[in-house]
Amino acid sequence: ARERSALSPKTLVLRLLGLGFIDAVALSFAYALTGGGLGLVAVLLLIATAFINWVFISERLYPVRWLTPGLFMMVLMVVYPLTYTVYIALTNYSDGHILTREQVVNQLESQYYAPKDAITYKWTAYRNPGGNFLLLLQNGQNNVFTGSPQEGLKPYKLTGSSPDRIGDYAKLDRIQSVQYLGQLQSIAIKSGDNLVRITSLDQAPEQRRKYTYNSGTGNLTDNQTGTVYTPMRGSFTAPNGAQLTPGFSTLIGFENFARVATDPNVKGPFAGVFLWTIVFAGMSVLLTFGVGLGLALILNDKYLPLKGLFRSAVIVPYTIPGFISILVWVGLLNPFYGPFNLALQNLFGVSPQWFTDGNLTKVAILLINTWLGFPYMMLLCLGALQAIPTDLYEAADLDGASGWHKFRYLTLPLLLVSVAPLLIGAFAFNFNNFSVIELVNQGGPAIAGSSTPAGQTDILISYTYRLAFAGGKGADYGLASAISIFIFAIVAAITAFNFRYTRQLEEVMQ
């Protein structure tokens with residue numbers, strides 16, 4: 001092969017500048033990730049950055065450069081989210097267990113309590129030009145002290161009212177004290193075993209730190225009661241089972257996966273949601289394909305007048321954004337003022353409760369989804385029908401085949417050769433068709449007695465969303481991630497079947 005010419009100085013400088021920019025961004029992200037406790041992710045990012053540098057510096061890897069952007073986006077948009085989802089599925093990450101252990105310990109150690117013999121001081125604040133604060137503290141026995149975090153409490157002889165200055169510290173008036181109150185409340189002045197802390201504009205009581213963390217054993221001791229809390233499944237737990245809040249996220253293995261199969265509060269709703277997901281995806285494909293094929297057969301008839309006008313009219317629903325069509329249908333089916341229900345009321349005296357009766361809601365969802373999907377299926381079938389040679393039908397006519405026999409043994413098999421992979425793809429799409437479920441009735445009505453936020457019309461993806469973000473009883477990201485992995489496995493199986501079935505169809509065509 002012809003060797004590539006040496007790089008010009010300008011090209012080399014531009015390449016080095018580009019790599020330098022990428023390296024700088026990667027290093028800043030890695031630093032932020034390390035500070036957030038995601039050291040492993042930071043290491044992987046740096047490895048990927050080093051690989052990019054190698055690819056663009058080494059001339060031997062010239063062909064790989066064209067693949068690098070795609071590989072990078074695949075890692076960023078597919079591999080990393082999938083890996084992170086698996087990690088979350090192995091944890092107890094949920095409401096009440098979102099923070100890291102270090103963050104929880106910091107929160108608990110920032111809590112204080114007032115011991116029985118605690119003294120409460122009245123305080124006056126002073127501030128020096130360097131921004132440091134000094135407190136003048138007076139208790140009920142007319143004892144006066146000055147206090148600062150650096151020097152602790154020191155006796156002070158006060159004659160009359162509080163002075164305007166103490167050393168280089170100037171007295172703060174009431175308005176200034178309010179202005180600096182946030183900083184003043186963060187001051188802790190040591191007084192023996194206690195700490196003097198400002199709790200209001202008037203008082204600064206002696207307090208003690210309520211909890212102390214032992215980094216060696218991992219235990220947390222309540223200094224007020226003497227109770228020792230041990231870390232158990234993401235919560236500091238007392239011997240009697242009482243738990244401190246908040247908890248922290250930690251690895252729990254495959255418990256979330258086991259909950260799907262064993263916990264009756266999860267298994268019952270999950271089984272119902274999974275079954276409805278299969279029915280919804282299958283019926284959606286069947287109905288949209290049936291309506292689309294029927295219309296395609298009509299519009300493909302050579303004797304149909306105004307064929308172009310009818311074809312344009314039929315694809316109008318496909319041109320309207322789906323979420324608008326869904327909301328329009330929700331209005332049409334409104335039990336109180338919807339035109340569809342008003343017509344049924346006038347004609348038959350009934351007004352179906354489309355959004356409170358679970359079975360009727362499922363019918364409404366399938367009806368709306370059929371409306372959204374049949375133009376697409378019609379276009380597919382129309383194109384496939386026009387690709388079937390007409391001489392096959394002429395030969396069938398000579399053999400005396402009826403219209404049904406021509407459809408059953410000629411049209412449908414040849415049509416499925418082209419359309420079947422797309423039908424499988426449509427099944428996978430409807431398996432995760434979140435929009436129609438959410439916009440019609442938000443997965444409702446709710447399943448009675450369920451401890452998880454499951455609705456009678458929820459499919460797996462909407463059920464997962466409700467577990468993770470809209471539970472009402474607290475988000476459970478770990479369980480939602482476990483169910484997401486189940487969904488991924490199912491869709492992956494559908495995709496594998498699609499590829500295998502497509503190869504079989506190709507062999508039939510050959």
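**Close-up views of the predicted model**

**View 1. Phe270 counts as buried, with a relative accessibility of 13%.** Buried stands for under 20% relative accessible area, exposed for over 50% and partly exposed for what lies in between (1.4 Å probe, protein chains only). The model is predicted, so local features need pLDDT of at least 70 and side-chain atom pairs count only at pLDDT 80 or more, while totals for chains, interfaces and linings use all residues. Residues are numbered from 1 along each chain as its sequence is written, and side-chain values use heavy atoms, with hydrogens and water left out. Phe274 has a relative accessible area of 30% and is therefore partly exposed. Both Phe270 and Phe274 belong to helix α8, four residues apart, or about one turn of the helix. Helices (H or I, at least four residues) and strands (E, at least two) are DSSP runs, numbered from the N terminus.

**View 2. Aromatic pairs number 22 in the structure.** One of them is Phe270 with Phe274, a stacked pair at 6.3 Å centre to centre and 15 degrees between the planes. Rings of Phe, Tyr and Trp (its six-membered ring) pair if their centres lie within 6.5 Å; planes under 30 degrees apart count as stacked, over 60 as edge-to-face and the rest as tilted. A cluster linked by ring pairs contains Phe254, Phe257, Phe270, Phe274 and Phe486.

**View 3. Phe427 and Phe431 lie four residues apart in helix α15, about one turn of the helix.** Phe431 has 0% relative accessibility, so Phe431 counts as buried.

**View 4. The largest nonpolar core has 19 residues, and Phe289 and Leu415 have the most contacts inside this core.** Two or more residues each come from α8 (264-299), α13 (358-386) and α15 (403-431). The most are given by α13, with seven residues. A nonpolar core is a set of buried Ala, Val, Leu, Ile, Met, Phe, Trp, Tyr and Cys residues joined through side-chain atoms within 4.5 Å.

**View 5. Charged ends of Lys210 and Arg408 sit over the rings of Tyr113 and Tyr409, respectively.** Lys210 has its charged end 6.0 Å from the ring centre of Tyr113. For Arg408 and the ring centre of Tyr409, the distance is 4.9 Å. A charge sits over a ring if NZ of Lys or CZ of Arg is within 6 Å of the ring centre and within 35 degrees of the ring normal.

**View 6. Asn53 is found in helix α2 (residues 39-57).** Its relative accessible area is 14%, so Asn53 is buried. The side chains of Asn53 and Asp23 make a polar contact at 2.7 Å. A polar contact is a pair of N or O atoms within 3.5 Å; within protein, one must be able to donate a hydrogen and the other to accept it, and residues adjacent in sequence count only if both atoms are side-chain atoms. Leaving aside neighbours within four places in sequence, Asn53 is in contact with Leu19 and Asp23.

**View 7. Phe469 lies in the loop between α17 (460-468) and α18 (477-509).** With 59% relative accessibility, Phe469 counts as exposed. Not counting residues up to four places away in sequence, Phe469 touches Ala475 and Tyr477. A distance of 9.3 Å separates the C-alpha atoms of Phe469 and Ala480, which are 11 residues apart along the chain.

Technical notes: Contact = heavy atoms within 4.5 Å.
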